[in-house]
Amino acid sequence: LHDMTTEEVINKIFEENDHMTDYEEVIHLCMSEYARIKCLEAIRNVRHKTIEIIQDESYHTGAGFAECNVEDTIKRIQNIPNKEVMPEL
């Protein structure tokens with residue numbers, strides 16, 4: 001879902017909720033779903049950037065991965081549940 005355009009998200013929501021007739025309700029649902037998707041995308045991007053920073057820091061300090069425990073840190077970052085970052089998701 002995170003690669004979908006706004007129009008695709010709205011169309012998908014309309015297809016899944018064709019019983020809805022209230023315009024405001026549909027718009028609210030569409031905006032909520034789009035925001036949720038964008039938040040998940042942001043969480044993923046932050047994880048990737050954090051890993052890059054840790055790897056870069058390890059390289060510049062000359063410490064090996066084992067010495068600074070970067071591998072374990074990267075695994076912990078990759079496994080942070082989305083709910084811990086944004087509980088409302």
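For the salt bridges I took a side-chain nitrogen of Lys or Arg within 4 Å of a carboxyl oxygen of Asp or Glu. The model is predicted.

Confidence. I read a mean pLDDT of 75 for the chain, with 79% of its residues at 70 or more. Among the elements, helix H2 (residues 23-61) has the highest mean pLDDT, 80. Helix H3 (residues 65-68) has the lowest, 55.

Salt bridges. I found 3 salt bridges by this rule.

Lys49 and Glu52 meet through their side chains at 3.5 Å, N to O, so the pair falls within the 4 Å limit. Both residues are in helix H2, 3 residues apart, or about one helical turn. I noted Lys49 as partly exposed at 46% relative accessibility and Glu52 as partly exposed at 44%.

Lys38 and Glu41 form a salt bridge at 3.4 Å, N to O. They also sit 3 residues apart in helix H2. Lys38 is partly exposed, with a relative accessible area of 31%. Glu41 has 19%, and it counts as buried because the cut-off is under 20%.

For Glu33 and Arg36 I noted 3.0 Å between the closest N and O atoms of their salt bridge. This pair lies in helix H2 as well, 3 residues apart. Arg36 is partly exposed, at 29% relative accessible area.

Arg47. I then asked which residues Arg47 contacts beyond its neighbours within four places in sequence. They are Ile77, Gln78, Ile80, Pro81 and Asn82. Arg47 itself is in helix H2 and is buried, with a relative accessible area of 17%.

Definitions and conventions. Residues are numbered from 1 along each chain as its sequence is written. Side-chain values use heavy atoms; hydrogens and water are left out. pLDDT is the predictor's confidence in each residue, from 0 to 100. Helices (H or I, at least four residues) and strands (E, at least two) are DSSP runs, numbered from the N terminus. Buried means under 20% relative accessible area, exposed over 50%, partly exposed in between (1.4 Å probe, protein chains only). Contact means heavy atoms within 4.5 Å.
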